[in-house]
Protein chains: 2
Amino acid sequence: MVSSKDVAKHAGVSQTTVSRVLNTPEFVKKPTLDKVMKAIDELNYIPNAHARSLVQNKTNTIALLSGPLHNPFFVDTTSAIINYSNEMGYRVNVQYVNDHKLPEAYATAFENKVDGIILSCILIDDPIFEKLKQMDIPFITYNRKHKKNENFVEIDNFQAGYLSAQHMIELGHKTIAWVGGPLTVSSFNNRYSGFLQAIKDYNLPLSEQYIFNTDTSKQEISTAFHCLMKLKHRPTAICTGADSLALNLLDDAISEGFKVPDDLSIIGIDNVDISQHGLIQLTTVGSISQQNLGLLAISELIEMIENKKNDCIKITEPVKIFNRRTTRKIENKQ
Amino acid sequence: MVSSKDVAKHAGVSQTTVSRVLNTPEFVKKPTLDKVMKAIDELNYIPNAHARSLVQNKTNTIALLSGPLHNPFFVDTTSAIINYSNEMGYRVNVQYVNDHKLPEAYATAFENKVDGIILSCILIDDPIFEKLKQMDIPFITYNRKHKKNENFVEIDNFQAGYLSAQHMIELGHKTIAWVGGPLTVSSFNNRYSGFLQAIKDYNLPLSEQYIFNTDTSKQEISTAFHCLMKLKHRPTAICTGADSLALNLLDDAISEGFKVPDDLSIIGIDNVDISQHGLIQLTTVGSISQQNLGLLAISELIEMIENKKNDCIKITEPVKIFNRRTTRKIENKQ
DNA sequence: ATTTAAAATGGTTACGTATTCATTTTGAAG
DNA sequence: CTTCAAAATGAATACGTAACCATTTTAAAT
C-alpha cells in the first residue's frame, strides 16, 4: 500500500509536507504543492482514513442500529439517516438488529469508536442505556425511548393510539380490536395506552380476546388475525400499533377473503411512505409536520457531535389522522 | 481513551500479553488471563478496531454502494447484504448513490480501505470500472454489469424483457408500451432489447410513441404515463423495466382513474418482495430460484475476500413469469 | 540435581497519519 | 548588504494495536 511517506520520497519532500498539501494547502508554496500533487497522482496515493482516525481521535463514522427493512418505517428512516449523514461528511455503519444480536451490535459500534450512535432498538427498561451514557459517545434513539426519558425523538405515541381508536369509534365501530407489538417497547406501550384511554373515555366495552400485543413477526400477526376472525363477535375494526402491522393484517385479510374496508376497517400508525400508494391507501396516524423521524434524529445527533452539546434531546412530534381508504363508517349491525 | 497499555499497567503485565489474552488466549496461563480479564473489566477497555486495521491491513468492512431505497429492489438487496455481511463478521458502510455523487462515494470507500466493494450503480461504459480493477480490492456488481462482463450477478435481463412482452402478447394485447430506464444501464438495456425482440418475433407493429426509456424518478415516470394515456390509440398494456417503475405507474394509473388490469395491464421485472402483497399482486418476471440477488453477490464477494480467489464471477440467473393480478386477457377491441 | 524442550511472557517495532516544535528559507525594511 | 520577522519546510513523536523476536519460566525426562 502506498503511503504518504512514499509520496514524500517520490516528490522529494517530507511526509509532513505531504500531509500539509492535503490538509492545509494554503501553507505550502505553489511549486511544492504542484510537485506533491503530481506525485500523489502518479503513485495513485489514497490517504488511509483509519490512520487518520487514530491520531485525530475522530472517525467521521456513525453507527446506525435499525430495525429490519421489511418494516417500511425503517426503510424511510434508514434512507433519510444515511443520506443526511453522507451529506454532512459522515459514513454510516448500518446494522439491522434483532433482539438477540443486540449486544454484538453495540460491541462493534464501540470497537469502531464511532462518533455517534443512532438507534431505534432500545427497550423501555434496557440496561444498555446506562452503558451508553457511560461510554461518553453521543447517541440518540428514534421512535423508541428509554424510561429515563433522555435523548429521543418520537411521535406522540399516546395521542396516536388515542386518535386511532377515536377515529374508529367516530365511524360507529363498537367492536374494536388492537394488534400491537411488545409492551417492553415504549412506542407500542404508549400507543396501546392511548388506545385503551379512548376506549375508556367513550365507554366502550373491551374484552381481552380483542387485544394482541405480540411479537411483530409476520407469523405472529397472522396468528393474531386468525384468532380475531374466529371470534363469535368479530371485530369490525382493528387498530394496530404500526403501519407495518397494519400492512401485514391487510395482506392476511385479503388472502382470507375479507374486504377492507367493507368487511373490516384497519388503521395504522406511522404514516410510512408506502402507505400512501394508490393501491394501499392505508388510513393511519402520523406526525403533523410529516418530518421523517430518522432525519430529525440524525440532524440532532450530528449537532451534538459537532457542537459537543450535552443537553438532552427530547422531541415528541404531535400527530394527526391521515384519513385514507382502509377505514369506513359502519352501516349495519353485524 | 483507555488503551491496551493502560490495561497492561493495571494488570501488571505487558501490552503484548493483553493482546494475547484477546486474540490467542490459549497461549496465556489461567491466572494471568484472569488478572487481565479483571483489568479489562474494571477499566471498561474496548479494543480499537482502527488501530487493529492499521497493523493487520484488514478492516473487516465492506462498502455497499446501492441505489435508493424508494426503489424496493434495493430494500430487498440492502437488507440481505447487510444481514449476511454482519453474520460473516463484516461491517457494512452503506451509501445510497445518485449519479452525480458517485465519485465521492468511491473515494470514501477507498479511503476506508474496505476489504471489498459491492455495488449496483455502474454504467455499461463506466470508466470507474478500470479504476476498480486497478485498486486490487475485491468487488462485485449486482443487478447491473459493465461491458467488460466481469464480476457481476444479474438475472437474465434479456429473457426477462422478452418474457414480459410475450406474456402480454399471449394475453391478446396488440398495443403494448414500454417504460424503462436509461439505456446506459445494462439491466435496462438488455430488458429493453428482450422486449423488442419479442415484439419483432410476434410481428407486432411498434411506434416510437410507445417507448420511454427515461430517468427513473417518479416525476419522469408520471410524465411518461401521461404521454401514453393521451395517445389516440392508447396502449392496453405496459411492460416496464422494473417493479419499481411498475409500482409508480400503478400509482399514476389509479390516481387518474384507470383500473388495473381492467383498463390497462402492467407488468414489472424483479419480483420484489412488496409486489407479492395482497393489495398489490404485481405480475412480474423474476429469478426462478427466487434467490435474492444481493445475497448471491455478497456471498460471492466474501468468498473472494477470504479465499483470495481472483476468478471472475459471472452469474446470470434464469427467470420466469410470476403471474399475478395486474395483467389480464384483453376482451374487446378498444 | 541436571538438562532440555516447551510454555509463557516481555521488549521492540511497524502500520500511516497529523501534530508539535525546530529549523531553514524568503523577502521586505532599514 | 544587514536585519529580522514571516513564510515554508522538516524531524520527531504519538495514536493503539499485532507481530516478531528475545527472554524467562515451567515441567518433564534423564
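Here is a short walk through the structure, from the outline of chain A to the cysteines of chain B. This is a predicted model, in which local features need pLDDT of at least 70, side-chain atom pairs count only at pLDDT 80 or more, and totals for chains, interfaces and linings use all residues. Residues are numbered from 1 along each chain as written, chains are lettered from A in the order written, and side-chain values use heavy atoms, without hydrogens and water.

Let us begin with the outline of chain A. Its C-alpha trace spans about 90 × 40 × 35 Å along the principal axes.

Now for the interior. Of the 334 residues in chain A, 56% count as buried, that is, under 20% relative accessible area with a 1.4 Å probe, protein chains only. Contacts (heavy atoms within 4.5 Å) tell a further part: among those in chain A between residues at least 6 apart in sequence, 69% join residues at least 24 apart.

Finally, the cysteines. The structure holds 0 disulfides over all chains, a disulfide being a pair of cysteine sulfur atoms within 2.5 Å. Cys121(B) has its closest cysteine sulfur in Cys312(B), 19 Å away and so too far for a bond. Cys239(B) is also in no disulfide, as the nearest cysteine sulfur, in Cys227(B), lies 18 Å away. Cys121(B) is buried at 6% relative accessibility, and Cys239(B) is buried at 0%.

Key
Buried < 20%, exposed > 50% of the residue type's maximum accessible area, 1.4 Å probe, protein only.
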